[in-house]
Amino acid sequence: MKNLESIAMLIDADNTQLSRLEAVIQEISAKGRIVVKRAYGNWRKETLKNWEEELKRLAIKAEQQFDYVSGKNATDMALVIDTLDLLHRGLYDAFVIVASDSDYTPLAIKLHESGVYVMGVGEKNTPVAFRNACDEFVFLENLNKSTDNHNAKQNSKNSGKKELEVSEAESQGDDMQEIHKLLRIAWDKYQENDGYVNVSSAGQYIKRAKPDFDARTYGFSKLPDLIEAFPKKYSVKRYKGKGTVTIIAYRCENS
């Protein structure tokens, strides 16, 4: 994916973890330049009392939205209206919706149909409809995750304990099997004459087919690490690309 030049990020404070807010900005900043940062909520609520200092520190504009009816949350409607307003200005090439609410599914679909890149950020319990309506969906639980687990896996690999590493990944069950299926489809469709497929191409395909895919969900920092954890399923090779770039490619085995 190319570097995004103008990102609008809109946050539903009512269903976002305050403790992960800085990590969200760091994650999105790796994609490109965030030019709009807004958080929506009824800041008079007791549950949002700790947000003020963090919003100030992170330079996020706080948008006040009162609850017009007791028990009803008007935050999502305010966020949707502002997002569509920003979309119609034609200034942004990507929108990030930070929320775990399925109510934002129609908004994500509308943004996608308008040709902009759509990212969602939310908890793992976010309904699959909203996740799949985005071009990319990032789980909050994967942000700021310690690298100790991955480093331990690397050490176990070096000490000949790869079976343990694989068994941990296999424990993901059906979801892990879906990743293997997508890796094989990518190999079938994009392999070169030597029978190998570029991991980058495979990763782009998997993201299109499964927007919430993230190697960190399975305990790996990157897709190549996940692939290398299954030597019975994949052969991996590295070769020099342009400049200092190293190309990583894989081939599916019969087993």
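N198 has A249 as its bridge partner in strand 9. The model is predicted, so local features need pLDDT of at least 70 and side-chain atom pairs count only at pLDDT 80 or more, while totals for chains, interfaces and linings use all residues. Residues are numbered from 1 along each chain as its sequence is written, and side-chain values use heavy atoms, leaving out hydrogens and water.

The bridge belongs to a pairing of strand 7 with strand 9 (residues 246-252), antiparallel and made of 2 bridges. Two strands count as paired if DSSP finds at least two bridges between them; strands are DSSP runs of E with at least two residues, helices are runs of H or I with at least four, and both are numbered from the N terminus. Together, 3 strands make an open antiparallel sheet in the order 7-9-8. Its edges are strand 7 (197-198) and strand 8 (234-240), each pairing on one side only. Helix 8 (residues 174-190) lies across strands 7, 8 and 9, at about 105° to strand 9; the angle, on a scale from 0 to 180 degrees, is taken between N-to-C directions of lines fitted to C-alpha atoms, for helices over the stretch in contact.

N198 also caps the N-terminal end of helix 9, with a side-chain oxygen 2.8 Å from the backbone nitrogen of S200. Helix 9 (residues 199-209) has V199, A202, G203, Y205, I206 and K207 as its buried residues, buried being under 20% relative accessible area, exposed over 50% and partly exposed in between, with a 1.4 Å probe and protein chains only. Their cover includes strand 6 (136-139), helix 8, strand 7, helix 10 (223-228) and strand 9, where contact means heavy atoms within 4.5 Å.

Elsewhere in the chain, strand 1 pairs with strand 2 in the parallel sense over 7 bridges. In this pairing L10 stands opposite R38 of strand 2. Strand 1 is mostly covered, with 8 of its 9 residues buried. Helix 1 has L21, A23, V24, I25, E27 and I28 buried, and what covers them includes strand 1, strand 2, helix 2, strand 4, strand 5 and strand 6.

The largest nonpolar core has 27 residues, of which M9, I28 and V121 touch the most other members. Such a core is a set of buried Ala, Val, Leu, Ile, Met, Phe, Trp, Tyr and Cys residues joined through side-chain atoms within 4.5 Å. At least two core residues come from each of strand 1 (4-12), helix 1 (21-29), strand 2 (32-41), helix 2 (51-57), strand 4 (94-98) and strand 5 (117-122). Helix 1 gives the most, 5 residues. Apart from neighbours within four places in sequence, I28 contacts I7, M9, I34, V96, M119 and V121.

N42 sits in the loop between strand 2 and helix 2. N42 is buried, at a relative accessible area of 8%. Its side chain makes a polar contact of 3.0 Å with that of Q64. Beyond four places in sequence, N42 touches L48, Q64, Q65, F66, D67 and T75.

Mean pLDDT (the predictor's confidence in each residue, from 0 to 100) is 87 for the protein, and 85% of residues reach 70 or more. Over residues 146-165 pLDDT stays under 50, and the model has 21 contacts beyond four places in sequence for them.

Key. Polar contact = N/O pair within 3.5 Å; in protein donor to acceptor, adjacent residues only side chain to side chain.
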